[in-house]
Amino acid sequence: MILPQLARFTDVALLFLRFMVGAVFLTSGWKHLADPEARSKDIGMSKGFTFFLGAAEFAGGLGVMSGVLAQLAALGLILVMLGAIQRKIFVWHTGFWGKTGTNGWSYELMLVAMCLVIATSGGGSLELQVLWRR
């Protein structure tokens with residue numbers, strides 16, 4: 001390790017990572033839940049599935065952000081993102097960067113990597129569960 005003194009900030013960095021991932025999924029899930037009919041047309045899925053997807057994203061975002069069952073939430077969000085990547089590649093035939101450089105599946109893959117860090121690290125020691133362990 002080149003800068004071992006940075007290791008003391010690992011938990012803060014993981015907390016920041018969890019908050020960023022949580023914010024992305026909370027807002028995305030909320031959009032699905034607020035107007036599942038319009039969102040279902042955008043993503044080409046049924047209204048019921050879109051509502052389920054929104055609930056899963058919202059719950060996963062809460063779990064990751066709070067640290068409550070963060071590893072399970074991160075694994076669930078990885079599955080959601082793998083589904084999105086599969087749809088973009090095989091149904092919409094979108095490249096890694098997409099046609100405009102911003103609408104490909106690179107964003108989803110980045111979220112998979114971020115969730116993988118959370119799932120494998122436990123998300124750090126700064127979590128809401130710390131309060132419950134007493």
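## Basis of the model

This is a predicted model, in which local features need pLDDT of at least 70 and side-chain atom pairs count only at pLDDT 80 or more, while totals for chains, interfaces and linings use all residues. Residues are numbered from 1 along each chain as its sequence is written, and side-chain values use heavy atoms, with hydrogens and water left out.

## Packing of helix 4 and helix 5

The axes (lines fitted to C-alpha atoms over the stretch in contact, with angles from 0 to 180 degrees between N-to-C directions) of helix 4, residues 70-91, and helix 5, residues 106-121, come within 8 Å and cross at roughly 160°. Helices here are DSSP runs of H or I with at least four residues, numbered from the N terminus. The two helices are therefore roughly antiparallel, a term for angles over 145 degrees.

## The largest pocket

A pocket is an open set of points on a 1 Å grid over the protein atoms alone, where a 1.4 Å probe fits, with protein on both sides within 12 Å along at least five of seven lines; lining residues have an atom within 4 Å of a point. The lining of the largest pocket has 29 residues, of which Ile 43, Glu 57, Met 81, Ala 84 and Glu 108 lie nearest its centre. Helix 4 gives the largest share of this lining, eight residues, and the lining divides into 15 nonpolar, eight polar and six charged residues.

Note on methods: Angles under 35 degrees count as roughly parallel, over 145 as roughly antiparallel, 65 to 115 as roughly perpendicular and the rest as oblique. Ala, Val, Leu, Ile, Met, Phe, Trp, Tyr, Cys and Pro count as nonpolar, Asp, Glu, Lys and Arg as charged, and the others, Gly among them, as polar.
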